[in-house]
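Please consult the sequence and the coordinates alongside the text.

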Amino acid sequence: MAIQSMTGFGKGEASGNDWVITAEIKSVNHRFKDLRFKMSSLFAPIEIDLKNKLSEIFKRGSFDIYINYKKAEGRTKFDDIDEEKVKYFLGKISKMVKEQGLDLSISPSEFLRQDFYKDLDDTSEESFELAKTAFENALVSLRESRLSEGEKMLKVINSHKEQFEKHYSVIVGLADSFQENVEERLKKRFQDFSEELNVDEPRFLQEVVYYLEKMDVHEEINRIAAHLEKFESILVSGGEIGRQLDFLIQELNRETNTIGSKSSLKEISDNVVQMKVQLEKIREQGLNLE
């Protein structure tokens, strides 16, 4: 399943005999799902339908939805004059004029007033269907945009993951020699000061073992290896991976920090810093994945 970014833009259009309706959808990252419609109250009756359509395709993100309409090409104000309203007006006014014995003189431009235009509600069914079609086209466009952005982000995440693994491999290679060096230094110190301080050797060696156990990073190394396997499987499986990656980055950060706190070796500390840098870059990218 492909990976989607939460950032994208989609546009759709549908036209009928009277109207051309355009739908635009902008989306950015959000912890959950937030929809904001910016459209004429004319389309309020179909807002729930539009929400449901969007929810079927997208699970997370903040969406700004714009729906606009205009007259179809080739149509003029004269096409929007309601003949029934004109007939009703003429009938009423003619009767009143006749009763009063007045002369009736009406200019055709009088019927260009808003009072004689067709009500939008008269074409609501057509406009609703056009709005739904335009919205569905915008959803298709938005999904393509989010998939394209997600593909780019996946490449960036993999690049940072490779850098993380590179520094992690250095630490794996130093883990055993690091402990051996510490043990060797401690024993040398014991030889230098044992006679002067009258230190009990068995007790000292017991403390060395305890100290080395506290400094052992093999457990953290193994957990990082397991997390990296999970990381790879999440990227391969695709779908809604944003929250999964966020949790996994927290776990990798925890293990990486523990290695850093246990080690006094500069080379290990330097690589821990670089690992944390790569994890932060992955986290920044992951925040924008669905």
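The paragraphs below treat the chain as a whole, then the strands, then a helix pair.

The model is predicted. Its protein chain contains 7 helices and 4 strands, and their order along the sequence is β-β-β-α-β-α-α-α-α-α-α. Of the 290 residues in the protein chain, 37% are buried. Among the contacts in the protein chain with a separation of 6 or more, 81% join residues 24 or more positions apart.

The description of the strands may begin with β2, which spans residues 19-28. Strand β2 is mostly covered, with 7 of its 10 residues buried. One of its pairings is with β1 (residues 8-15): the two strands run antiparallel and are joined by 8 bridges. A stretch of 3 residues lies between β1 and β2, and the two strands form a hairpin. Within this pairing, Lys11 has Glu24 in β2 as its bridge partner.

Strand β2 also pairs with β4 (residues 61-71), again in the antiparallel sense, over 10 bridges.

Two packed helices are described by the angle between their axes and the distance between the axes. For α6 (residues 242-262) and α7 (residues 266-286), the axes come within 10 Å and cross at roughly 165 degrees. Because angles over 145 degrees count as roughly antiparallel, α6 is roughly antiparallel to α7. The crossing of α6 and α7 is left-handed.

Which residues of α6 and α7 meet? On the α6 side they are Gly242, Asp246, Ile249, Leu252, Asn253, Thr256, Asn257, Ile259 and Gly260. On the α7 side, Ile268, Val272, Met275, Lys276, Leu279, Ile282, Arg283 and Gly286 take part. The residues of this contact between α6 and α7 comprise 8 nonpolar, 6 polar and 3 charged.

Definitions and conventions
Residues are numbered from 1 along each chain as its sequence is written. This is a predicted model: local features need pLDDT of at least 70, side-chain atom pairs count only at pLDDT 80 or more; totals for chains, interfaces and linings use all residues. Side-chain values use heavy atoms; hydrogens and water are left out. Buried means under 20% relative accessible area, exposed over 50%, partly exposed in between (1.4 Å probe, protein chains only). Two strands pair if DSSP finds at least two bridges between them. Axes are lines fitted to C-alpha atoms, for helices over the stretch in contact, and angles run from 0 to 180 degrees between N-to-C directions. Angles under 35 degrees count as roughly parallel, over 145 as roughly antiparallel, 65 to 115 as roughly perpendicular and the rest as oblique. A crossing is left-handed if the near helix is turned anticlockwise from the far one by less than a right angle, and right-handed if clockwise. Contact means heavy atoms within 4.5 Å. Ala, Val, Leu, Ile, Met, Phe, Trp, Tyr, Cys and Pro count as nonpolar, Asp, Glu, Lys and Arg as charged, and the others, Gly among them, as polar.
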